[in-house]
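Thanks for making the time this morning.

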Amino acid sequence: MAAPSFAARRPRGTNDIVGAEAFAHAHLLRLAQEIFSAYGYAPITTPIFEQTDLFVRGIGESTDVVSKEMFSVLSPDAHAKICTGTPLKKDQRLTLRPEGTASALRAAFENGMVMQGGSPVKLWYAGPMFRAERPQKGRYRQFHQIGAECLGAPSPLADAEMITMLMRYFEACGIERSSIRLLINSMGDDKCRPAYRESVRDYILDHRTDLCEECVRRADINPLRAFDCKNPHCQEVMSGAPIITDALSSDCAHHYEQVKHYLEMAGITYEEDPRLVRGLDYYTRTVFEVQVVDGLGAQNAIGGGGRYDKLAELMGAPDTCGLGFAVGVERMLIALEHQGVSVGESARLNYYVAGVDSKSNPQTQDAVYQTACTLRDQGLSVDFDLQGKSLKAQMKQAGKLNAQAVIIVGPEELERGEAVVRNMDTRDERTVTLDALRQGELR
Ligand code: HAM
């Protein structure tokens with residue numbers, strides 16, 4: 001049957017998640033719940049919009065995310081003010097979240113979860129994020145992340161644990177280890193990074209004629225972003241720039257060495273990439289990214305994260321270190337598809353209950369309904385016809401729903417207190433009494 005035509009279209013860069021993909025999303029969420037809880041992480045849900053300032057301060061004004069990609073939300077009051085040219089107060093400026101870290105941190109403090117000197121707070125979240133990027137395969141304006149954040153754990157053990165949990169998650173989802181690369185780096189901290197930034201700035205200015213306008217423009221604002229420029233010529237020039245590994249303070253270098261040591265102990269293989277800088281400003285020390293080798297083109301990062309020891313303070317909360325990661329669900333599903341792995345297919349229906357002439361026979365209809373209720377109460381997955389279909393059409397529907405067996409209820413069987421169970425794979429049939437069925441024989 002053709003679907004009726006409908007004129008409205010979803011907004012550019014957004015997706016409807018339907019059919020097998022919806023099952024796959026749910027499956028990846030279930031696995032996250034399973035793996036992350038084994039590492040002591042508790043779920044958290046935060047609002048989809050926050051005060052704009054949270055992201056401006058947290059992610060950094062000069063990042064692409066904040067300067068070009070945020071979707072603003074206007075309450076009716078704010079809209080009216082804008083129309084009359086009245087400036088908005090800070091708390092009236094709202095933005096759809098482009099990521100989950102700043103929100104998780106805000107929520108942890110606002111809800112009194114972080115105790116100074118207390119145990120680390122381990123949280124995980126999942127949900128839609130919004131970035132007004134130019135849409136293409138693997139890059140959307142609304143996409144879904146599954147992320148984790150750990151607050152109050154300064155030890156390099158926490159970095160190694162976080163990366164290990166991420167890699168175990170990918171493994172559980174069916175991502176082949178050989179199809180991904182784990183890149184790690186240290187970004188230093190506020191003691192060693194300023195001098196390093198200066199040296200990169202000087203390098204950019206010395207090579208200004210060989211670099212694109214954007215890289216040169218950013219030299220003073222955020223020189224490290226030049227490492228992320230997609231222009232191949234800029235990449236070549238930047239390959240000669242000073243690297244952070246040579247500029248780390250002894251504390252940062254020691255922390256980085258320890259992270260690598262603990263990763264090796266956990267059997268996690270990694271590649272060091274001294275030019276991995278990541279697109280958000282809040283990182284200090286360890287950063288990491290998981291990239292697929294093939295199938296996603298330029299959008300090859302399926303997850304990434306790092307340490308952000310100054311973010312809490314930057315947001316006006318008590319000085320508390322933190323670290324975390326986020327995985328891009330859509331990109332993960334593209335990667336899995338590329339590997340030929342199908343995830344989270346709909347589970348088989350246990351039983352379809354079909355009635356013979358149930359449309360014209362209220363007793364049969366009642367018996368079908370009663371049987372479906374009884375079996376569902378026993379924890380079985382069951383479906384039945386709601387439209388008065390013929391037996392033939394019901395059998396077809398049972399096939400479509402991939403039912404393991406069909407329970408056929410007809411007036412004659414009903415008189416004997418029986419039903420026929422047909423195995424849909426072997427086509428074998430057997431008779432069961434309705435009493436036995438009620439007592440859980442089909443469970
Ligand atoms: P991010 O690298 O910006 O980090 O995003 C994490 C992942 O989200 C990316 O690796 C990618 O898979 C996915 N992603 C990002 N943008 C898009 C997009 N436009 N379309 C589809 N997928 C996308 C963060 O968001 C940090 N909050 C991660 C973190 C948590 N760092 C510390 N804690």
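By a salt bridge I mean a side-chain nitrogen of Lys or Arg within 4 Å of a carboxyl oxygen of Asp or Glu. Please keep in mind that this is a predicted model, in which local features need pLDDT of at least 70 and side-chain atom pairs count only at pLDDT 80 or more, while totals for chains, interfaces and linings use all residues. Residues are numbered from 1 along each chain as its sequence is written, and side-chain values use heavy atoms, with hydrogens and water left out.

The structure contains 31 salt bridges, and one of them joins Glu272 to Lys260, with 3.1 Å between the closest N and O atoms. That pair links distant parts of the chain, 12 residues apart, since Glu272 sits in strand β8 and Lys260 in helix α10; helices (H or I, at least four residues) and strands (E, at least two) are DSSP runs, numbered from the N terminus. Lys260, at 8% relative accessibility, counts as buried, whereas Glu272, at 42%, counts as partly exposed; here buried means under 20% relative accessible area, exposed over 50%, and partly exposed in between, with a 1.4 Å probe and protein chains only.

Next, Arg285 and Asp189 meet in a salt bridge at 3.8 Å, N to O. Arg285 lies in strand β9 and Asp189 in the loop between β7 and α7, so this pair ties together parts that are 96 residues apart in sequence. Both Arg285 and Asp189 are buried.
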